[in-house]
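Here are my notes on one stretch of this model. Please read them with the structure open beside you.

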Amino acid sequence: MTDFESAEGLRVTFTVSDADAVRSLLEQSSGVEATIEPRGISITDSVGEAAVEIDVSGITPKQWEALELAYDRGYYERPRGTNLDELAAALGISKSAVSQRLCAAEARLVGAVLDRLGR
C-alpha cells in the first residue's frame, strides 16, 4: 500500500513476518533518504496464529535505534553482553540519554502489551 502525502514525499507501508525481514528491509533502504517509523507489532502464538497486535507508533526512531542496538549487542541477555556505557559510546550520546531512551521505549512496549491484553 502506498499513500501520497504531498508532492515532496511518498509513504510506503510494509508488512513483514519476522525480525530478519525487518533487518533486510533496513539494509535495502540504507542508501535511500528515509524515515522508518514502526506503527504496530503482531505477536503470534506457537502455531503462528495472531494472538495480539500492539500499537508501537509512540516509540521514536531514536528509541528504536537504541532498542535494536541493545538487543543486538546482548544488553537483554543474562549475563549482559554489553552495558549502558558501551551503548552510549556506540550511539554517540551520554549514558543517561541511552538509559532514558531504553526506559521510555520499554515502558511503551510493556504498556502497549498490557493494555491490549486488558490488564
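1. Start with a term. A residue counts as buried when its relative accessible area is under 20%. Thr82 has a relative accessible area of 7%, so Thr82 is buried. Keep in mind that this is a predicted model.

2. Where is Thr82 placed? Thr82 sits in the loop between H2 and H3. Leaving aside neighbours within four places in sequence, Thr82 is in contact with Arg73, Gly74, Tyr75 and Leu87.

3. Glu86 belongs to helix H3, which covers residues 84-91.

4. Is Glu86 buried, partly exposed or exposed? Its relative accessibility is 41%, so Glu86 counts as partly exposed. Not counting residues up to four places away in sequence, Glu86 touches Arg73 and Gly81. Arg73 and Glu86 lie 13 residues apart in sequence, and their C-alpha atoms are 9.5 Å apart in space.

5. Look next at the two ends of H3. Asn83 caps the N-terminal end: one of its side-chain oxygens lies 3.0 Å from the backbone nitrogen of Asp85. Just after H3 comes Gly92, with a positive phi of about 70°.

6. The peptide bond from Arg78 to Pro79 is cis, and its omega is near -5°. For background, most peptide bonds are trans.

7. Which residues of H3 are buried? They are Leu84, Leu87, Ala88 and Leu91. Seen down the axis of H3, these buried residues fall within an arc of 100°, so they line one face of the helix.

8. What covers the buried residues of H3? The cover includes helix H2 (61-72) and helix H4 (95-116).

9. H2 and H4 also meet each other. Their axes come within 9 Å and cross at roughly 95°. That makes H2 roughly perpendicular to H4. The residues of this contact divide into eight nonpolar, one polar and four charged. On the H2 side they include Leu67 and Ala70, and on the H4 side they include Val98 and Leu109.

Key: Residues are numbered from 1 along each chain as its sequence is written. This is a predicted model: local features need pLDDT of at least 70, side-chain atom pairs count only at pLDDT 80 or more; totals for chains, interfaces and linings use all residues. Side-chain values use heavy atoms; hydrogens and water are left out. Helices (H or I, at least four residues) and strands (E, at least two) are DSSP runs, numbered from the N terminus. Buried means under 20% relative accessible area, exposed over 50%, partly exposed in between (1.4 Å probe, protein chains only). Contact means heavy atoms within 4.5 Å. The arc is that of the directions from the helix axis to the C-beta atoms. A polar contact is a pair of N or O atoms within 3.5 Å; within protein, one must be able to donate a hydrogen and the other to accept it, and residues adjacent in sequence count only if both atoms are side-chain atoms. Axes are lines fitted to C-alpha atoms, for helices over the stretch in contact, and angles run from 0 to 180 degrees between N-to-C directions. Angles under 35 degrees count as roughly parallel, over 145 as roughly antiparallel, 65 to 115 as roughly perpendicular and the rest as oblique. Ala, Val, Leu, Ile, Met, Phe, Trp, Tyr, Cys and Pro count as nonpolar, Asp, Glu, Lys and Arg as charged, and the others, Gly among them, as polar.
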